[in-house]
Amino acid sequence: MPRIFLPLLALLSLALGGLGPAMAQDRLSYSLSGDFIVHGWPGREPAPPRPGEAARKLIVARPNFLAITAEHIMRTLAEELRRPPGVASKIHIWIKPAGREEEPIGIVSSMYSDGWVYHVHVPALVNETRLVKGIVQTLLLEFASRGRRNSATIPTWLVEGMTQR
């Protein structure tokens, strides 16, 4: 059954957008499962997208919003892949305060004695499709690398396909 992530992002963005100043103080947010830890920006929140930027579907990456979004994507992807939700490794999402929309979403995986840790670097102003793709790619990498000493390689077509679903 196909899943659509983008309408959910739009609704969450609108719902959480009204929380403005209260959310600006949240520098660290955890997802409901605790699998995602979102590190917010120091100081002020980035400016909201300008009217022309809204046409490119840009959103302000807020810590609480990213924690909720990542959790939802993880649960939906796990259901789609017919596997239990959850990850064996912590996934840290770092919001780059000066990040520009065209900056890539960086994914860094590090192996420790007790398993993998993933760091996802997201620009403060990000295209919603690129955000979903970055989280999906990280989750697929985590699923495929679980229990392995070497990091798996995820083909681009799989990331693209699962993002579209």
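Let me begin with a term that I will need later: rings of Phe, Tyr and Trp (its six-membered ring) pair if their centres lie within 6.5 Å, and planes under 30 degrees apart count as stacked, those over 60 as edge-to-face and the rest as tilted. What we have here is a predicted model, in which local features need pLDDT of at least 70 and side-chain atom pairs count only at pLDDT 80 or more, while totals for chains, interfaces and linings use all residues. Residues are numbered from 1 along each chain as its sequence is written, and side-chain values use heavy atoms, with hydrogens and water left out.

With that definition in hand, how many aromatic pairs does a search of the whole structure find? The search finds 1, and it is formed by W116 and Y118, whose ring centres are 6.3 Å apart and whose planes meet at 25°, so the pair is stacked. W116 is buried, with a relative accessible area of 9%, and Y118 is buried as well, at 0%; by buried I mean under 20% relative accessible area, with exposed meaning over 50% and partly exposed in between, using a 1.4 Å probe and protein chains only.

Let me now step back to the chain, which has 6 helices and 7 strands, where helices (H or I, at least four residues) and strands (E, at least two) are DSSP runs numbered from the N terminus. Of its 165 residues, 47% count as buried. If we take contact to mean heavy atoms within 4.5 Å, then among contacts between residues at least 6 apart in sequence, 72% join residues at least 24 apart.

I would next like to look at strand β6, which covers residues 115-123. Here 8 of the 9 residues are buried, so the strand is largely enclosed by the rest of the structure. Two strands pair if DSSP finds at least two bridges between them, and β6 runs parallel to strand β4 (residues 91-96), to which 6 bridges join it, with I93 standing opposite V120. Strand β5 (residues 106-112) pairs with β6 in the antiparallel sense over 7 bridges, a hairpin of 2 residues joins β5 to β6, and S109 stands opposite Y118.

Leaving out residues up to four places away in sequence, H119 touches H92, W94, G106, I107 and V108. The side chains of H119 and W94 are joined by a polar contact of 3.0 Å, a term that stands for a pair of N or O atoms within 3.5 Å, where within protein one must be able to donate a hydrogen and the other to accept it, and residues adjacent in sequence count only if both atoms are side-chain atoms.

Finally, I turn to helix α4, residues 63-80, which reaches 26 Å from its first C-alpha to its last. That is close to the 26 Å expected, the expected span being 1.5 Å times one less than the number of residues. The helix is mostly covered, with 13 of its 18 residues buried. M74 is found in α4 and counts as buried at 1% relative accessibility; apart from its neighbours within four places in sequence, M74 is in contact with S33, D35, F36, G86, V87 and L139.
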